[in-house]
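This report describes the domain arrangement, the sheet and selected local features of one protein model. The sequence and the structure are shown first.

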Amino acid sequence: MTRSPLPVGLIFGGASGEHAVSIRSAATVAAAVRHADNAGRYTLRCFYIDPDGRWWGSDVAEAVLAQGTPVRPEQLPQPLPEPGFRGFPAGALEVAIWLPVLHGPNGEDGTIQGLFTLMQVPFVGSGVLGSAVGMDKQAMKAAFAAAGLPQVPYACASASQVAQDPNALLDRLEAELGYPCFVKPANLGSSVGISKATDRASLLAGLQAAAALDPRLVIEQGVTARELECAVRGGGHQPLQASVLGEICFDADWYDYETKYSEGKSHTVIPAVVPEAIAQRARAMAIQACEAVAAMGLSRVDFFYSEASGELWLNEINTLPGFTSQSMYPMLWAASGVPLPILVREMLEGAREWHQASLLGGPSA
Ligand SMILES: Nc1ncnc2c1ncn2[C@@H]1O[C@H](COP(=O)(O)OP(=O)(O)O)[C@@H](O)[C@H]1O
Ligand SMILES: [Mg+2]
């Protein structure tokens, strides 16, 4: 049976610190949708959210994809509308399936998923709940803990505790966690705002820096461990499937922003060289992690693995992982026998089937 090509809406950029990464991810995904293996199936329409949150149609979006870097103000039609979402650009209402390739706040956190849900149009990836719980490290950790999944010891704090009674907070964190520990804003990503504290002074400085970025904070006991990652896809009507594992190796004390995004400072090993029992445990935990936060479609689940003790801890879930040509998520699937054009096609078809079933009164995400 042949069908006419479906309009797929690729939306990228976003009012988030990960705007530039999203553009690189979107270029890879656009090429996969347009790949010869998907010929005749889809027509791709691209939409760009500028760093101030305005939505733009295909002229601006294609120009940004071609240049590979954020829009320059003079490229945008003037006068500029107010920042934020002010309505749909031309072509958006005809989209049959949305493909959000957005990272971080305003794209990975349930906000745009809520808009697509209200529109009653299928979209790739987790729904409002999975996206929101996966984004906020406090909520994510609570969901993992409730599911009995192993995590390093952690504590939660708020920016107002840092401002109002820092000494009481420092006392509590020293008693519960000790040093070294890691301070994290709950809702950023790419290691932004994260610091490693080795004493009371650096803990206070780290808390104050994180509190300036986010009212919700997480503090974790520091562990010496290798960093493993697993890609998950499926969900809805399909079983969740876990990929082979990858390892991030880097030449730094920890995987901070500079190490993540500087050429040559880190590399990946796929498949990760770990005992088969560890690989199996991580794959099973990756699926449990998705179930715990209600993630579906695609997620990357990250682990800490102590070779010395054999312990494996869940670190985090990313419900819209990076898709650049160097990103772990597509590479893990390629190494598991699923090339990128097929991976993207199956994500689109899975979203469509899930949506159709929910319209028929089936389970909703
Ligand atoms: N508890 C910890 N022990 C050791 N290293 C950690 C710990 N938490 C974070 N790190 C280091 O910080 C990096 C970023 O932390 P992560 O929680 O993954 O934040 P992000 O969401 O920004 O990626 C990790 O990849 C790791 O190198
Ligand atoms: Mg991380």
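Helices (H or I, at least four residues) and strands (E, at least two) are DSSP runs, numbered from the N terminus. The model described here with these element names is a predicted one.

## Domain organisation

## Interface of domain 1 and domain 2

In this interface, 20 residues of domain 1 make contact with 17 residues of domain 2. Together the two domains bury about 1600 Å², and carbon and sulfur atoms account for 69% of that area. On the domain 1 side, 25% of the area buried against domain 2 comes from T28, Y42 and I97, more than from any other three residues.

Three elements, β1 (6-13), α1 (19-33) and β4 (97-101), each contribute at least two residues to the side of domain 1 that touches domain 2. Helix α1 gives the largest share of that side, with seven residues. Sorted by class, the side of domain 1 that touches domain 2 consists of eleven nonpolar, six polar and three charged residues.

Strands of a sheet pair through backbone hydrogen bonds, in a parallel or an antiparallel manner. One open sheet in the model has four strands in the order β3-β2-β1-β4, and its pairing is mixed. Its edge strands, β3 (55-56) and β4, each pair on one side only.

Strands β1 and β2 (residues 42-49) run parallel and are joined by eight bridges. Within this pairing, P7 has T43 of β2 as its bridge partner.

## Backbone geometry in loops

Most peptide bonds are trans, and most residues other than glycine have a negative phi. Which peptide bonds depart from the trans form? One is the bond from Q78 to P79, which is cis with omega near -10°; P79 belongs to the loop between α2 (58-67) and β4. Another cis peptide bond links Y179 to P180, with omega about -5°. P180 is located in the loop between α7 (166-176) and β6 (181-185).

A further feature concerns phi. Q120 is not a glycine, yet its phi is positive, at about 60°. This residue, Q120, is placed in the loop between α3 (111-119) and α4 (128-135).

## Salt bridges

Side chains of opposite charge can pair when their charged atoms come close. The structure contains 22 salt bridges, and one of them is formed by the side chains of R200 and E174, at 2.9 Å from N to O. R200 is part of helix α8 (residues 200-211) and E174 is part of helix α7, so this pair ties together parts that are 26 residues apart in sequence.

Key:
Residues numbered from 1 in each chain as written. Chains lettered and ligands numbered in written order. Predicted model: local features only at pLDDT ≥ 70, side-chain atom pairs only at ≥ 80, totals over all residues. Heavy atoms only, no water. Contact = heavy atoms within 4.5 Å. Buried area = accessible area lost by both parts, 1.4 Å probe. Nonpolar A, V, L, I, M, F, W, Y, C, P; charged D, E, K, R; others polar. Pairing = 2+ DSSP bridges. Salt bridge = Lys/Arg side-chain N within 4 Å of Asp/Glu carboxyl O.
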